[in-house]
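Q: I am new to this structure. Please take a close look at one part of it, the ligand and its surroundings.

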Amino acid sequence: MSQRTFSIIKPDAVRKGYTAAILAAIEKAGFQIASIKKQSISKAQAEGFYAVHSARPFFDSLTTFMSSGPIVLMVLEKENAIADLRKLMGATNPANAEEGTIRKQFAGSIEENAIHGSDAPETAAFEIGYWFAGYELV
Ligand code: ATP
Ligand code: MG
């Protein structure tokens with residue numbers, strides 16, 4: 001059964017001109033792009049999105065980074081989309097990411113790591129609803 005996940009091409013990757021290459025990797029892996037938009041987000045919007053990490057030491061730095069430039073927000077669809085996107089992304093720290101993964105190819109550091117992907121069905125539902133209105137997903 002087809003599943004939806006939420007993804008962001010983070011500001012480091014957009015800045016470096018990796019948007020098209022990352023989208024190509026996503027499509028090559030069999031994902032349909034159900035919806036996509038490029039925008040800059042505020043620090044407060046980033047804080048709401050990453051609220052689950054609010055107690056972490058890197059929260060302030062992470063939300064400053066995420067609001068530092070345009071990002072690409074996407075809803076992606078395929079069978080097993082959530083787990084398959086996490087596999088395609090690679091480990092959070094690019095130093096530990098497997099060969100061929102997006103983070104191995106395009107991430108610069110554990111924070112500036114090129115891409116976000118939802119980690120479970122509940123977080124995918126929250127994240128899609130946080131960034132996309134129902135009318136954008138018909
Ligand atoms: P994401 O949620 O963005 O898909 P992830 O699930 O691999 O990434 P999380 O543990 O959820 O990783 O952390 C969220 C984000 O916070 C990471 O992608 C990274 O940008 C940043 N981050 C995580 N750990 C650190 C750290 N130790 N130092 C700095 N930034 C970090
Ligand atoms: Mg995460």
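Where does ligand 1 sit?

A: Ligand 1 sits in the largest pocket. This is a predicted model: local features need pLDDT of at least 70, side-chain atom pairs count only at pLDDT 80 or more, and totals for chains, interfaces and linings use all residues. Residues are numbered from 1 along each chain as written, chains are lettered from A and ligands numbered from 1 in the order written, and side-chain values use heavy atoms, without hydrogens or water.

To sit in a pocket, a molecule needs more than half of its atoms within 2 Å of the grid points. A pocket is an open set of points on a 1 Å grid over the protein atoms alone, where a 1.4 Å probe fits, with protein on both sides within 12 Å along at least five of seven lines; lining residues have an atom within 4 Å of a point.

The pocket's volume, the space filled by probe spheres set on the points, is about 590 Å³. Its lining has 23 residues; Tyr 50, His 53, Phe 58, Leu 62 and Thr 92 lie nearest the centre. Helix 7 (121–131) gives the most to this lining, with 3 residues. Helices are DSSP runs (H or I) of at least four residues.

Now the ligand itself. Polar contacts are pairs of N or O atoms within 3.5 Å. A polar side-chain atom of Arg 103 is 3.1 Å from a ligand oxygen. A polar backbone atom of Glu 111 lies 2.8 Å from an oxygen of ligand 1. For Gly 117, a backbone N or O atom is 3.1 Å from a ligand oxygen.

Terms used:
Polar contact = N/O pair within 3.5 Å; in protein donor to acceptor, adjacent residues only side chain to side chain. Helix = DSSP H or I, 4+ residues; strand = E, 2+ residues; numbered from the N terminus.
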